Amino acid sequence: MAKREQMTKKVEVRAPFIRPHRKDIRIMSDVLVAAIPPLIWALYCFGARAGVIFSVSVVFAFFSEWLYDRFVCKKATADISSLITGALIGFSFPVSVPLWLPAFASVFAIAVSKKMFGGIGKNIFNPAVSGICVSYLLFGKYMTVFTKPFAYLPAFSVSVDKGLLDSLRVVTPLENLKFGKINISAISDYFYGITPGIIGGVSSALLVISFVYLVLRRKIRVSTTVSYLFTILVFTYFTAYADSEPIDFTMTQLFSGAVMLTGVFFINDYTTTPTYMTGKVIFGIVCGGMTVWLRYYGMTHYTEFFALAVSNMLVPLINKYTRPVVYGGKILKEQKRQRS
Amino acid sequence: MALTFGGGISLFDYKNTYKKPFKVAPSDGVLSYFAPSEFTPCVYKGDFVKINTPLMKNSDSFNVYSTVSGRVLSVENGCVSVENDGLDTTAHLFEPVTSDANSITRETFIEYIKLAGIVGAYSGTPVYSKLEKGFGKIKRLVVSFVETEPYSGHTRTFAHCFSSDIILGIKLVMFMMGIEKCVLAFSKKNKELAFEYENADFTNGTVTNAFVSDKHPQGVGRLLVASIYDAEIPLTQECYERGYLVLSAETVYNIYNCLKNGSCVRYKALSFAGDGARAMGNVFALIGTSFQNVASVYGTRPNAKLVSGGLIGGKIERGAFVRPNSNMILATRYFEKHPQECIKCGKCVNACPMRIVPIELYENFVSGEHNKNVENGLYNCIECGCCSYVCPSFIDLRGAIIFDKNRDVEKPDTDLPPKQIESEIKTNVDTNTKLLNIDALPNDNSKNTSFNSFNFEDYIAENTDGKEGTDDKES
């Protein structure tokens, strides 16, 4: 560490001589702004309890980072990336979940998945994804209880009464798909968000607005999202097994679960996705293919997150083989070939 | 769609000094001349030098000339300081070419360019070596009117003021080097500048205009060729080896003007700008003028720091004096940057025109793995500064790469004049009158009156209609 500081101090050439007007905080705050439309829909669709779950995960994420910095790293860092992690974790739970579960997921995501790997920029797994995956593995039975929309649950009770939950519980479109059943007339509802599901992922229409905002603000590139969604579209279209038109099957796959939430927010995380453009496209294809595969042969819900966690492990490999050739490198190689 | 290359950064909304008038910077006080380490001084401390007196030379007998007359104050390796006596006594360099261009051969043409000490206005490399090594190979001449640094506007203003001379220079180079095709590269926003060159009478070849993008660093010769001809030239090769001779408009003008006057390059066109400048504008400064003198033309705000080079590609070089390849003096005010941890956004990779991975080079530099960096293309960096500009965490990627490149070579990175000169200036303040006593100096009467009274402002006023210069029109 001391050597690192020495080396960075040696560098004295300070160009660009421009007052800093772009900060990493700006990128993060833009992501938070993009999270507002799904949040508003969640409050409208699932009531105040959605807001409480969201707040709990954000607050716990922020304070676990602050405490870790204070007592383990013993230095203050100033960034708001933990707020994004908290917000995304809050988005990924159904509204019926007990309030201690998002808190646990946030603390795990920040303390274990991010900080123990060395902090921002050094983590292998997306912190939010790892928090959700671990929560699902440990407390899966709480996370697969989906209630119907516009049935408001008590906002501040830590865990919802089991009788109430049983009365409000409905079957999700993904569970129907397992048995080859498709409700064709409800596909537009899936798109607009009148469907049971996780808090932030139900309204695909509003997530598209968030995506357009992030692209216009030049915070993310279109490539990963498009390759991810396109892969799912193509795979499901040609392997549709339900007794209806393949396009209805594909649309149900795309607009249910957390596909759009993953495609807009999770898959565009800087740290845990490949650095180079070709790699980003390959990453989208791998992640999309894995999602469909898991949906067909594996679990029903939360497949996107597990697919993303597996794809994260492949990032160093993808980076290695998609490295750009240095300017003029191809010509030099050709010349060498001709000589030999 | 404009011709362009991969990578680079698009900049909007920067004011520039295009079409602002040129002012001539005062040249009193000490002037310092810098050269790379392979140059050895050929004057001694206390010598009296005139305009066109060689101060330093390399093994190929390429000289760095004095642009003023006066006494040599200090001689160091790679740096000679001269105190201006204000008399502009001129020495004879070579016979000015006043007759027809057919009267000189190609060898003498290149010899004259070498004698005049002309270097590229941006690259700083000697022009004669390009012409000498590239003869026979060069098929096309690319004249660059592109400048992409924010605030910069002097090249286009120069091209606007001296269009007739630049056209004659292009004709001269094309005729002497036997080039039949020439491309004038303009920025896509500067179509009005291109109109001035459209009606020129190029009898000895075809000349076309190319409109390239405004991206930084479009002005680099290699990328200009890549944009116009879609030809990727690796860093191990030079452009002339592949048949492209890239010269900036100012270099072409210098070639023409030096042959016409029989003297070295004295003046350099500069932009003076920045948030520490009271006004922005263009300056003609004698090569070797201190930055303070240049800054005094337009004035600086308090706490302003003068930096050579632009906003993005600026460099803190040894010695704050105008060099033959200084293109901008930036008055910037100090501010602190707080580098943060890399968030692996990959913006530096996308911005790099040379397709290297700056953050990887930085990480390897920090951990001290120089050899790994060389494998990953460390020496392919053209130091354009795009990576540092786009970095959201303010990591000084460019500084680290430059430091790692120059690790084996000892190059002090200070913007102060060498210590010896500083002390000399201090000690000479009291004995100033003695030093300027001309009677004690060796007498010299070989004044070139035409050059002595040469004033660029008058020159611009006189020559805007373009009647000057008949020496290179071939029959």
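Contact here means heavy atoms within 4.5 Å. This is a predicted model, in which local features need pLDDT of at least 70, side-chain atom pairs count only at pLDDT 80 or more, and totals for chains, interfaces and linings use all residues. Residues are numbered from 1 along each chain as its sequence is written, chains are lettered from A in the order in which they are written, and side-chain values use heavy atoms, with hydrogens and water left out.

**View 1. A:Phe266 and its neighbours.** Leaving aside residues up to four places away in sequence, A:Phe266 touches A:Leu88, A:Ser92, A:Asn126, A:Ala128, A:Val129, A:Ile132, A:Leu261, A:Phe305 and A:Leu308.

**View 2. The largest nonpolar core.** A nonpolar core is a set of buried (under 20% relative accessible area, 1.4 Å probe, protein chains only) Ala, Val, Leu, Ile, Met, Phe, Trp, Tyr and Cys residues joined through side-chain atoms within 4.5 Å. The largest has 84 residues, and A:Phe266 is among the six that touch the most other members, along with A:Met143, A:Leu261, A:Phe265, A:Tyr302 and A:Phe305. Another core, of 72 residues, lies apart from it and includes B:Leu55 and B:Phe186.

**View 3. Where chain A meets chain B.** Here 40 residues of chain A are in contact with 63 residues of chain B. The rule finds two salt bridges across this interface, a salt bridge being a side-chain nitrogen of Lys or Arg within 4 Å of a carboxyl oxygen of Asp or Glu.

**View 4. A:Arg323 and B:Glu360.** These residues form a salt bridge, and their closest N and O atoms are 2.7 Å apart.

Note on methods. Buried < 20%, exposed > 50% of the residue type's maximum accessible area, 1.4 Å probe, protein only.
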